[in-house]
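Here is my note on the model you asked about. Please keep the structure open while you read.

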Amino acid sequence: MSSSSFQLSLDLAKDHFKVGDLDRAEFHLRSSLELEESEEAYFYLGLVQNALGQWSDALASYYKAVSLNHEYGNPCNEIGVLLLRMGNDKEAVYWLKKSVRCERNDAPHISYFNLATLYKLWNRPERSLQYLHKALSLKKDFSEANELWRELKSDEEAPSN
């Protein structure tokens, strides 16, 4: 099979994922991976598995994506989010910070926002605001980041008892 068959299968998988057809997305991702190992295919397979609640499988797929390309920030962010969800905060910070340092990251503002959220949970508003500033400098119309910014600023201005 050719590289064009791989790309067609990967593109079909991404299209199915975007519309929420997870079974077809998974089928096409696995088909593409039979043709060629790809960090992007493993990343999307992880997204599908995550959406299905298969967290350990999703982590394995994200780790495989990173092993194929250490500079791919998207799976690093997702690893951080999953580890945070699983209660492993300290390791989550490592992966989220790795994500923002990667050369390839389709949405570094999301990684900064996730770091800001984590620092908010740790009651470190000053650190959270630093990461929110970075997120908003990359994407000014990032509504969740703007909302968290306003919340932290109003907490900062509220008189303490």
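The points below go from the whole chain to single residues.

1. **Basis.** This is a predicted model, in which local features need pLDDT of at least 70, side-chain atom pairs count only at pLDDT 80 or more, and totals for chains, interfaces and linings use all residues. Residues are numbered from 1 along each chain as its sequence is written, and side-chain values use heavy atoms, with hydrogens and water left out.

2. **Fold.** The protein chain has nine helices and zero strands. Along the sequence the pattern reads α-α-α-α-α-α-α-α-α. Helices (H or I, at least four residues) and strands (E, at least two) are DSSP runs, numbered from the N terminus. The C-alpha atoms fill a box of roughly 65 × 30 × 30 Å along the principal axes.

3. The protein chain has 161 residues, and 44% of them count as buried. Buried means under 20% relative accessible area, exposed means over 50%, and partly exposed lies in between (1.4 Å probe, protein chains only). Among contacts with a separation of 6 or more, 47% come from residues 24 or more positions apart. A contact means heavy atoms within 4.5 Å.

4. **Surface and charge.** The accessible surface of the protein chain is about 8900 Å², and 49% of it belongs to carbon and sulfur atoms. These areas come from the Shrake-Rupley method with a 1.4 Å probe; for residues, only the protein chains shown count as cover. The protein chain carries 19 positive and 25 negative side chains, and the centres of the two sets lie 6 Å apart. Lys and Arg count as positive, Asp and Glu as negative; His and the chain ends are not counted. Each charge is placed at NZ of Lys, CZ of Arg, CG of Asp or CD of Glu.

5. **Aromatic pairs.** Rings of Phe, Tyr and Trp (its six-membered ring) pair if their centres lie within 6.5 Å; planes under 30 degrees apart count as stacked, over 60 as edge-to-face and the rest as tilted. The count by this rule is ten aromatic pairs. One of them is Phe-43 with Tyr-72, edge-to-face, at 5.6 Å centre to centre and 65 degrees between the planes. Phe-43 lies in helix α3 (residues 39-51) and Tyr-72 in the loop between α4 (55-68) and α5 (73-85), so this pair ties together parts 29 residues apart in sequence. Both Phe-43 and Tyr-72 are buried.

6. **A stacked pair.** Tyr-119 and Tyr-131 are stacked, at 5.6 Å centre to centre and 20 degrees between the planes. Tyr-119 sits in helix α7 (residues 108-121) and Tyr-131 in helix α8 (residues 125-138), twelve residues apart; the pair links distant parts of the chain. Tyr-119 counts as buried because its relative accessibility is 6%. Tyr-131, at 7%, also counts as buried.

7. **Cluster and charges over rings.** Which residues do ring pairs link into a cluster? They are Phe-17, Phe-43, Tyr-44, Tyr-62 and Tyr-72. Separately, Arg-127 lies over the face of Tyr-119, 5.6 Å from the ring centre. Lys-90 lies over the face of Trp-122, at 5.9 Å from the ring centre. The rule asks for NZ of Lys or CZ of Arg within 6 Å of the ring centre and within 35 degrees of the ring normal.

8. **Ser-99.** Ser-99 is in helix α6 (residues 89-101). Buried or exposed? Ser-99 is buried, because its relative accessibility is 0%. Not counting residues up to four places away in sequence, Ser-99 touches Gly-73, Cys-76, Asn-77, Asn-105 and Ser-111.

9. His-16 is in helix α1 (residues 3-18). His-16 is buried, with 19% relative accessible area. Neighbours within four places aside, His-16 contacts Asp-21, Arg-24, Ala-25 and His-28. Ile-110 lies in helix α7 and counts as partly exposed at 29% relative accessibility.

10. **Asn-123.** Most residues other than glycine have a negative phi. Asn-123 is not a glycine, yet has a positive phi of about 55 degrees. Asn-123 is in the loop between α7 and α8. At 64% relative accessibility, Asn-123 counts as exposed.
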